[in-house]
Structure formats: structure tokens, C-alpha cells
Amino acid sequence: MRLLTGTLFALAVATFVGLGMTYFALTRGAAFGALPIDSWTAWPKTGTVEADPYARASIARTGRLPVALGDGVSFTVQADDNGKPLDGRCEVVLAGITPAARYWTLTLYNPNGDLIANSINRYGFTSEEIVRRADGNFEIVAAPRANPGNWLPTGGIERYQLVLRLYDTAVGVSTKAGREVPMPAVSTRSCP
Amino acid sequence: MIRWVLLLLGGALLGGIVHLATVIILPRTATQDAYARLTPIAPVNTVVALPIPSPEKAVMPFMDPAFASAVCRYDLSEGPLKLTVPVSPAYTSVSFYTRHDIAYYAINDRAAGRRVIELDLMTAAQHEQVPEDEEITAADRLIVESPTLMGLIAIRAMAPEPGLMPAAQNAVAASRCLRQTEPPRSRK
């Protein structure tokens, strides 16, 4: 009896710990080889055959096709530079420049990776559409209501993420965070 | 007391094994991965244009709305494939994925350096059967080796502005992936 309860206890712990860790790892999108630059994170290895088992599991679970490394690199941001999660009811400002790339796109998704419906059918910007200042810097405002300049509508949803994809770029597996890879600063300006 | 602590430790250790096993097995059992999502709409060895993602409907999550895209779900069991992709005005890329959606090769218009990206896709075994002299004379042919018999080719053309989307869609729609019916000949 003691043996039976002991075994059952150990197995229950194993199931709980094992599946719990798997769930946690996959919902957090954990993978090795992360390239964090400021608040942005990319996983360049996820777009190669060297993708680790966590990256493979996450690709299979979400059902996406990762950006292949020969094509580009995708950076994701879920919280601003102060660690506050991106909130669609607030005004979030992206300011600065991007690393060198032939083109880039910035897209706003909900946590499941769907686009957000809005009145002007704008889901993001490309590097060609952005209005820049004279020095080449740009400012994008993600906000629920229309804003002058580069306005990215959030639809007022509670949580969202921004994905910056650099196409035909030298940023990759061997890139180290530093001066040659400047990412736009992310800050929450005003919250209702 | 000691006994329960040991059981807890043993259970946690076993849990680690369960965790690793589930992570490794998951891609093989996933029913909603990109390949499975594309199977009903993409016949084998044919280029199928995908609808531009919208909030209501998207074939896959995290698609880039600035791109027109098409896929060719391939099966090399009957021979190599020939892929031709006309280059769109802005940026065009071709990415190759295994059956489990792992990218193993990608090329863009600038790397291809021509108006049309032309590729031969084959397995390592099929590549070995290509006569060596032919490979030299046909040096302008780019050969891509697929690690798996089946997989996906994603063809994507960028529309830097919404007005350029029709041109990008035309470029991907004019792409072809065809099974090579005759052995590849060298071009003079």
C-alpha cells in the first residue's frame, strides 16, 4: 500500500511538473539562441535547420511559418522599455531607427498572432510608408484613436505585440546586441 | 518524511524527462501546424496563391500583411521539381521548409540576381544521380537539396505600399513549381 501510494505520488508529480513545464515553455515561446536588443527579441536560429526542440515545438503549436534566415529576421516586442506590457488603450511611441536592411515591416498582432480590425485597415507599416524626420529618425504612435503622423491603430485591445521584420539584412545568428543594431525605443506615453 | 522528499525529487526528475519527451514529440503530433493548415487548400506540386491576411481570416498566424504570398506543397518521391518565380518590382523571396515547417533554405531576388528566380529542388539521392558534366555545363542552374521528401516552398513578394499589392500578387501568381518530366538538359 505504501509502495502504491508512493509510486502514484511520484507519477503525479512527474505529470504535473513535466506537462506544466512544457506548457509554460511553449506559451512563453521559449527557445535557445535569443537575440535581445533593448525591449526587442529575435530568435534568428529559429529560421534555420539548427532550430532547437523548443523552437520546433513552438512553431508546430502556433502553426506559423518562421521567417527563414536567408530571407530576414523578425524582432518581437511585448512590453515597453520600462517593462510595462503593451496596452492597446494607451499611446505607445516607437522612436528611433532600425538596423540596416533593404526593407522592413512593422506589424501589430494580438497575442495569438491575428491582425487587429480597425477603421482604416492599417495593420502595420513598411519602411517605404513611414514619414521620417530630417535626420532619418521616425516616430510611430500605436494608439486606439487617430493621431497625426505615423498612426498605428490598436483597436483598443488590452494586449498586443509588435513584430519588426528586417528583410535582406546582415542581422543574424552572429549578431551581438550593440551599436550596429539600433532598435526603436518603445515607451508608453499616456494611458487613460 | 525523508521518503516523501525522495519521492518528490524522483517525481520531479521523472517530470523533467516527461517535459523533454513531450517537447520533442509535439511537432510530430501537431494537427494545426502550418503544413496541416495548408494541406486542404494546396494541392501537391502546384503553386497556390494565399489570400492576403485580414483580421477575420488568415491561413496562418503571424503572416506579414505587406506581402503577397503563395505556397507550393511539394512531394519529391516521383522526381525533382523545377521552380520558377518572376521577380516583383520590390522584394521577392523564396523560402524552403521541411514537412515540420523548419526553414532550411531561402533566397531573395538580389541574391538570385536575375529577373526570374529559377531553382531545381531535389533530394540528396536525386542530386547524386545528376550527371556531373551536366552539372558543370548547367552552372547557371541553382540546385537546392531538400532534407525531406515532402515540404513547403513559400514564395513571397513585398508590396511596399498598398497600391503595389496587385503587382506583387501577379508576380507570385505567375510562379510555377513543376515536376521535371525529362532529365534536365544543359542550356547552350
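Which residue of β8(A) does Ile140(A) stand opposite? In the predicted model described here, in which local features need pLDDT of at least 70, side-chain atom pairs count only at pLDDT 80 or more, and totals for chains, interfaces and linings use all residues, the answer is Asn150(A). Residues are numbered from 1 along each chain as its sequence is written, while chains are lettered from A and ligands numbered from 1 in the order in which they are written.

The confidence of the prediction is given by the pLDDT (the predictor's confidence in each residue, from 0 to 100). Chain A has an average pLDDT of 89, with 98% of its residues scoring at least 70. Within chain A, the mean is lowest in α1(A), at 86, and highest in β5(A), at 95. For chain B the mean pLDDT is 87, and 91% of the residues reach 70 or more. Residues 184-188 of chain B have a pLDDT below 50, and this stretch makes eight contacts in the model beyond near neighbours in sequence. Where pLDDT is low, the predicted coordinates should not be read in detail. For the complex, the predictor gives an ipTM of 0.88 and a pTM of 0.89.

Chain A contains two helices and 10 strands. Helices (H or I, at least four residues) and strands (E, at least two) are DSSP runs, numbered from the N terminus. The elements of chain A follow one another from the N terminus as α-β-β-α-β-β-β-β-β-β-β-β. Along the principal axes, the C-alpha atoms of chain A fill a box of roughly 80 × 40 × 30 Å.

Four strands of chain A form an open sheet with mixed pairing, in the order β8-β7-β4-β10. Strands count as paired if DSSP finds at least two bridges between them. The edge strands, each pairing on one side only, are β8 (150-153) and β10 (185-190) of chain A. On average, neighbouring strands of this sheet are turned by 25° against each other, direction ignored. Strand β7 (residues 138-143) of chain A runs parallel to β8(A) and is joined to that strand by four bridges; Ile140(A) and Asn150(A) face each other in this pair.

With β9(A), β5(A) runs antiparallel and is joined by eight bridges, and the bridge partner of Thr107(A) in β9(A) is Val163(A). With β6(A), β5(A) pairs in the antiparallel sense over three bridges; here Leu106(A) stands opposite Phe125(A).

In chain B, five strands form an open sheet in the order β1-β2-β8-β4-β5, with antiparallel pairing. Its edge strands are β1 (47-50) and β5 (103-108) of chain B, each pairing on one side only. Neighbouring strands of this sheet are turned by 20° against each other on average, direction ignored. Nine bridges connect strand β2 (residues 67-75) of chain B with strand β8 (residues 150-158) of chain B in the antiparallel sense, and Phe67(B) stands opposite Met158(B). Helix α6 (residues 165-173) of chain B packs on the sheet and touches β1, β2, β4 (92-98) and β8 of chain B; the direction of the helix makes about 10° with that of β2(B).

The contact between the chains takes 54 residues from chain A and 49 residues from chain B. Two residues are in contact if their C-beta atoms, placed from the backbone, lie within 7 Å. On the side of chain A that touches chain B, two or more residues each come from α1 (2-27), α2 (53-62), β5 (101-109), β6 (124-126) and β9 (161-169) of chain A. The largest share, 14 residues, is provided by α1(A). This side of chain A comprises 29 nonpolar, 15 polar and 10 charged residues. In this division, Ala, Val, Leu, Ile, Met, Phe, Trp, Tyr, Cys and Pro count as nonpolar, Asp, Glu, Lys and Arg as charged, and the others, Gly among them, as polar.

Two packed helices are described by the angle between their axes and the distance between the axes. Axes are lines fitted to C-alpha atoms, for helices over the stretch in contact, and angles run from 0 to 180 degrees between N-to-C directions. α2(A) packs against helix α1 (residues 2-29) of chain B at an angle of about 40°, with the axes 8 Å apart. The two helices α2(A) and α1(B) are therefore oblique to each other, given that angles under 35 degrees count as roughly parallel, over 145 as roughly antiparallel, 65 to 115 as roughly perpendicular and the rest as oblique. The residues in contact include Tyr54(A) and Arg56(A) of α2(A) and Val23(B) and Ile24(B) of α1(B). Eight residues of this helix contact are nonpolar, none polar and two charged.
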